[in-house]
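Please keep the structure open while reading.

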Amino acid sequence: MTHSHWLESTRGYIALGMLDEAWKTLDSIPEDQRDHPDFLEQRIVIMLNREDLESALELCKEMMRRFPEKHAGFIQGAYCLHEMGQTKGAQECLQSGPSTMREEPLYFYNLGCYDFSLGKQDAAVAWLKRSFEMNPRLRMQALEDPDLKDIHDQIEADL
């Protein structure tokens with residue numbers, strides 16, 4: 001199975017909510033082809049969808065260690081920490097990633113969520129505004145984000 005085939009199949013199963021099939025697809029990849037960041041990232045996504053935060057976090061740490069240039073380990077690892085109630089650690093994890101992450105709107109969006117959770121509303125609004133400028137679709141995501149429910153009106157009105 002080629003890299004693009006298993007990756008496309010796995011992503012398709014995940015999009016359809018067929019997590020067992022996605023996992024089986026990854027299990028069918030020969031051992032010698034599993035040393036790829038996409039393999040780990042897809043495992044993490046499945047674990048997150050299953051709400052297995054601790055296992056996902058362990059895999060994120062492995063990804064950060066083995067593939068420090070990849071953003072997914074840092075972004076998903078930070079998300080795990082935040083969901084586990086360790087928002088300060090989530091911020092630190094996210095900010096410890098490669099400098100190229102500062103080119104990603106999701107980086108700023110997540111910083112906004114974390115700052116808001118930590119009671120830093122002005123900083124949160126600044127980060128969110130920056131993420132919306134980079135990707136206007138994130139505004140719609142923010143309006144549905146339970147972490148930001150207390151500022152949904154502000155997001156809708158002027159962010």
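At what angle do helix H1 and helix H3 pack? The angle is about 10°, and the axes of H1 (residues 3-15) and H3 (residues 37-49) lie 11 Å apart. That makes H1 roughly parallel to H3. This is a predicted model, in which local features need pLDDT of at least 70, side-chain atom pairs count only at pLDDT 80 or more, and totals for chains, interfaces and linings use all residues. Residues are numbered from 1 along each chain as its sequence is written, and side-chain values use heavy atoms, with hydrogens and water left out.

**H1 and H3**
- On the H1 side, the contact residues are His-3, Trp-6, Leu-7, Thr-10, Arg-11 and Ile-14.
- They meet Asp-38, Phe-39, Gln-42, Val-45, Ile-46 and Asn-49 in H3 (contact means heavy atoms within 4.5 Å).
- By class, this contact has six nonpolar, four polar and two charged residues.

**H5 and H7**
- H5 and H7 pack at about 15°, with axes 11 Å apart.
- H5 is therefore roughly parallel to H7 (angles under 35 degrees count as roughly parallel, over 145 as roughly antiparallel, 65 to 115 as roughly perpendicular and the rest as oblique).
- Their crossing is left-handed (the near helix is turned anticlockwise from the far one by less than a right angle).
- Ile-75, Ala-78, Tyr-79 and His-82 in H5 meet Leu-106, Asn-110, Tyr-114 and Ser-117 in H7.
- The contact of H5 with H7 has five nonpolar, three polar and no charged residues.

**H6 and H7**
- The axes of H6 (residues 87-95) and H7 (residues 105-117) come within 9 Å and cross at roughly 155°.
- H6 and H7 are therefore roughly antiparallel to each other.
- H6 passes H7 in a left-handed crossing.
- Thr-87, Ala-90, Gln-91, Leu-94 and Gln-95 are the H6 residues that meet H7.
- Their partners in H7 are Tyr-107, Asn-110, Leu-111, Tyr-114, Asp-115 and Ser-117.

**Largest pocket**
- The largest pocket has a volume of about 280 Å³ (the space filled by probe spheres set on the grid points).
- It is lined by 15 residues (a pocket is an open set of points on a 1 Å grid where a 1.4 Å probe fits, with protein on both sides within 12 Å along at least five of seven lines; lining residues have an atom within 4 Å of a point).
- Tyr-79, Tyr-109, Asn-110, Gln-141 and Asp-145 lie nearest its centre.
- H5 (72-83), H7 and H9 (137-144) each supply at least two lining residues.

Conventions:
Axes fitted to C-alpha atoms, helices over the stretch in contact; angles between N-to-C directions. Helix = DSSP H or I, 4+ residues; strand = E, 2+ residues; numbered from the N terminus. Nonpolar A, V, L, I, M, F, W, Y, C, P; charged D, E, K, R; others polar.
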